[in-house]
Amino acid sequence: MPENNFFYITDISVINSKIKTQNDYIELNEKGLFQNNQIWESNKITETIDELGSSLPPRLKNRMSLLSIGVCDVVDRGAGKNLKEEDELILFTCFGEIETTNKIIKNIIIDNFEHVSPTLFHNSVHHTSLGYYTILKGVNNWCTTISDGLKTNFSFINFLNNNLLLNQNFIVVHGDEYSDFNHLDKNIHLDLFPVFISYKVVVSNNGVGFKFINCFNSIDELLGDEKFKNTDNIFMDKINFLKFKKSGINKKFFTEYPLVLDNPCGIIYRIAMPFYLNIKGASLIIENINEKYYCYEVKL
Amino acid sequence: MKKVFISSYSSISALGIGSKESSYNLKSDKDFIYYPEKSDKYKLPFFKVEVPDYKNVINKCSNISLRLLSLIEEYWLKLAPIPLFIATSTGGIRETEDNFTDLINKKCDYPLFGKHYLNCISDDIKNKYKDKINNFFTISTACSSAAQALLKAFLYLKNGIIDKAIVIGVDSLSLTTMIGFDSLKLVSHSRSIPLSLERDGLSLGEGGGILVLETEPLDEPFCEILSAKSTSDGFHISSPEPEGKQQAHCIIKAVTSAGIDLNDIDYINAHGTGTLINDEVEMKVIKNLFPQGKTVTSTKTFIGHTLGASAIIELSLVIDMLKDDIIYQKMGKNTPMDKNYIPDKTVNKKIKYFIKNSFGFGGNNVCLVLKKINNPDKINA
């Protein structure tokens, strides 16, 4: 089995309705957004992101989905800055170009169209977003898209833990758009708003960065672990964040929840937080999936 | 670095369910294309698949995947628990269309999040096989999805990260897909004959393919995957770059990485969709890289373009063909684009090294290089 090394996260960019730059992100952190749930409501993200894709050619932008615009913008501002020919780009998207799909199905099923707009159709394909990026930048990198609905967080963990063992650099991108389609399911009520991130994961040669530690089978196993006991900064999803904050355990708890709300891919943002906020020292990143706790240590 | 072998496989397509039926029908003169009835909403010929539904499984992609797993269950259960990679471009779109009117009118309680998005397939598989399957993730890169999933699984196996994997490529047709492709003016209104001068577009197909990959096979394997590479055109969303520079670069990288020479390649199983542009660019690339000639065919002649499932279904059929050292071809009265490359009828050919090309929207290119392993007595499901 290959060695489990440290990796660094660099060239980070996050975009939602409240954040365009790293300064926006840091200011929200200084306000306490990622540690204080009482200010979440007044800082809630929305479905409109001003000036998204402002650097794109207008004629092309008019033909692109929100997902594609967001992906191109966030890679351009982040991981694309130091793109090398051999870098693999992987887009994680829970719901893909869902608003485009929604429009097409409506055209066919409700409006009885016999044809649909060709632009609309080729935009409905999951991979289009990264495809547009390669076209805009004239790059030829290996690109893949992974999409698993509400379980895309698990897909990310599986991908990350295995891809890290290849000991190669790669680029992570996440994006999801807003769609009324997601309100058609009567039983699921989720706050899903557009949010995008990109970063480069690079091999670290000096023992700083992040690496996977363990998957704990219960909360007690996690709490009993020496790494948990000896680490002050703990990054968790919303539910565990709220639980642990009330627990009285004397640590600093953070969550990415206000950045992404109910988007299942919070872990993709959470793992980059210590790097983006430059939180020195030791941190733990925890993702809870089906009562198992996937744990990464970060040393900066 | 480890070696990666294909130790079991099967497919479901218009040719049949499982390798035995598919192999039998590959040899027949029968055409398995479906011509729609007047009452069908979609009017153009396509390659249809019928599979019975499993209990409580409503997605066609899931039903195809479960059927594939059952066809070779006797083999892969010996390896369980086993990582599962899935490739698809449509997921549950078909079933969403069936329920859409009631959803809009709030007349049904359809589990959209559970049945529309791509994880519906892995969820249905996990429900049946539980801890026998460790599902990894679902890759969706349009028509190159299955090849990309194979590439990922291959890399993890080659580097010793895992020692076995199941890779499933599956797609079912929906009105969205069929009408969408027709709107792009890519669909043949008669019947697609890829790589022919008379080609006028693709014919859509559906189905699924399954491969079991191992580094130390339990049983004698069928093929070794020597390498897999991917590039992006960086040119256009739905058309290939006219000179095929990145397709060529992808093939060269793959062959070089396989440790062989371009001259060593005996056969190319083309992406070969039957569209004017795809086949033109792909053949231009092939002729530039292999100026002395090479045997090139497209399996889409028999099963249509099965989109995200194509690379794995086609590889399954190629493995079946190569067992008998025969390359099946169906040109009818049509003329191959270049007879120095494309046979006009079925040919006998001993093959050791072969290539599988797969190209997708967004200019996504994948090339796999494989080596046949001689095992004439072994029969697959």
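Trainee: Which residue just after α7(B) takes a positive phi?
Mentor: Gly160(B), with a phi of about 75°. Helices here are DSSP runs (H or I, at least four residues), and strands are E runs of at least two, numbered from the N terminus.

Trainee: What kind of model is this?
Mentor: A predicted one: local features need pLDDT of at least 70, side-chain atom pairs count only at pLDDT 80 or more, and totals for chains, interfaces and linings use all residues. Residues are numbered from 1 along each chain as its sequence is written, while chains are lettered from A and ligands numbered from 1 in the order in which they are written.

Trainee: Back to α7(B). How many of its 14 residues are buried?
Mentor: 13 of the 14, so the rest of the structure largely encloses α7(B). Buried means 20 or more other C-beta atoms within 10 Å of the residue's own, with C-beta atoms placed from the backbone.

Trainee: New topic. How is chain A divided?
Mentor: Into domain 1 (7-203) and domain 2 (209-299). Such bounds come from an automatic or database domain assignment.

Trainee: How many residues does each domain give to the contact?
Mentor: Domain 1 of chain A gives 37 and domain 2 of chain A gives 28. Contact means C-beta atoms, placed from the backbone, within 7 Å.

Trainee: Which element gives the largest share on the domain 1 side?
Mentor: α7(A), with six residues.

Trainee: And between chains, how many residues are in contact?
Mentor: 50 residues of chain A with 49 of chain B. Elements that each supply at least two residues on the chain A side include α4 (98-110) and β3 (143-146).

How values were computed:
Contact = placed C-beta atoms within 7 Å. Buried ≥ 20, exposed ≤ 12 C-beta atoms within 10 Å, placed from the backbone.
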